[in-house]
Amino acid sequence: MSGFAEGTDATADAVAARAGDAFEATVPDATLLGAPKTAEVAASGTVWLVGAGPGDAGLLTLRGLRALEAADVIVADRLGARSVLDGLAAEGVHLRGEVIDVGKLPGHHAVPQDAINALLVREALAGRTVVRLKGGDPYVFGRGGEELFACQEAGLDVRVVPGVTSAVSVPALAGIPLTHRGVATSFIVATAHDQIAALSGGRDHTVVLLMGVGTLAHSAVTLARGDRGADCPVAIVEDGFGPRQRVTVGTLATIAAQAAERGVRSPAVVVVGDVVRLSPHAPAALASLDLTFDPLAVPRKAPSL
């Protein structure tokens, strides 16, 4: 894949150098990140914000693939995006675009978001077709909106390609539907960094937590204090679609200790609610869910453990 090796070894300094005068290490040029474009500046390039999905090349959309094939530059995330590029290469798909790695590690952003915004603008203003390849969906905790606004304010043509979010696809790997007739009719997706104490509903209102491993114990205690209760089922799906894929099932009362004992690591998706009982990974004590009643005929009662 052209430019792949260079992209793999790209450092924050290399990315900053590539953007040149567009930004300094931490302070982007205001004309590229929000100030009105002057009349003599011609925006001839295009920026595509492409959702790479959860990391399986087979879940990349056809429109996303076409954008990658046309790209001169591919600015790639670490999660989801890089494994999709690897998967495409393994399938013999040749991408001519240079790959620039701006991936983030938990707690460490090698390339600041403002610098990424400026890089997209710089490359597109130079007349190149730029694909910003983002894990999952660009608009689901992906800061895609910030990148969109930065490019639009520079007068660039920006196009968004939705992606398959890990919030839905990773639970599906563990056999967990986020909604199911008679079990759950709604779900909410949040990061564990949010104020989850404000999340309403009982165990029939599924909660999906992203980026939740580091604060799992706090999240479990907080949710257990509400209507869900300490015996509400919980599943952790680690490294969905990756080589370390693994499922841990417990309750809000037990899940933190289970995760510590098993050495659960990021990336992982946490699912809280009665739908966890439907997973084939659920132990018999949790999987005793009666699905024979008609939820439209009688009030729903939480099944006993």
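Where is the place of A52? In this predicted model, A52 sits in the loop between strand 1 and helix 3. The residue counts as buried because its relative accessibility is 0%, under the 20% cut-off. Setting aside neighbours within four places in sequence, A52 is in contact with L60, G80, A81, V84, L133, K134, G135 and G136. The C-alpha atom of A52 is separated by 9.2 Å from that of L79, and the two residues are 27 apart along the chain.

The loop that holds A52 leads on to helix 3, which spans residues 62–70 and has G64, L65, A67 and L68 as its buried residues. These lie on the same side of helix 3, because they cover an arc of only 160° around the axis. L62 and R63, on the other side of helix 3, are exposed. What do the buried residues of helix 3 pack against? Their partners are strand 1 (46–51), strand 2 (73–76), helix 4 (81–90), strand 6 (129–134) and strand 7 (157–161).

V208 has V271 in strand 12 as its bridge partner.

Two cysteines can be described next. C151 counts as buried because its relative accessibility is 0%, and C232 is buried as well, with a relative accessible area of 0%. The structure holds zero disulfides.

The protein chain averages a pLDDT of 83, and 78% of the residues score at least 70. Confidence is highest in helix 3, at 98, and lowest in helix 1 (residues 4–8), at a mean of 40. Over residues 1–12 the pLDDT is below 50, and this stretch has 27 contacts in the model beyond near neighbours in sequence. Over residues 293–305 pLDDT stays under 50 too, with 23 contacts beyond four places in sequence.

Notes. Residues numbered from 1 in each chain as written. Predicted model: local features only at pLDDT ≥ 70, side-chain atom pairs only at ≥ 80, totals over all residues. Heavy atoms only, no water. Buried < 20%, exposed > 50% of the residue type's maximum accessible area, 1.4 Å probe, protein only. Helix = DSSP H or I, 4+ residues; strand = E, 2+ residues; numbered from the N terminus. Arc of directions from axis to C-beta. Contact = heavy atoms within 4.5 Å. pLDDT = per-residue confidence, 0-100. Disulfide = S-S within 2.5 Å. Pairing = 2+ DSSP bridges.
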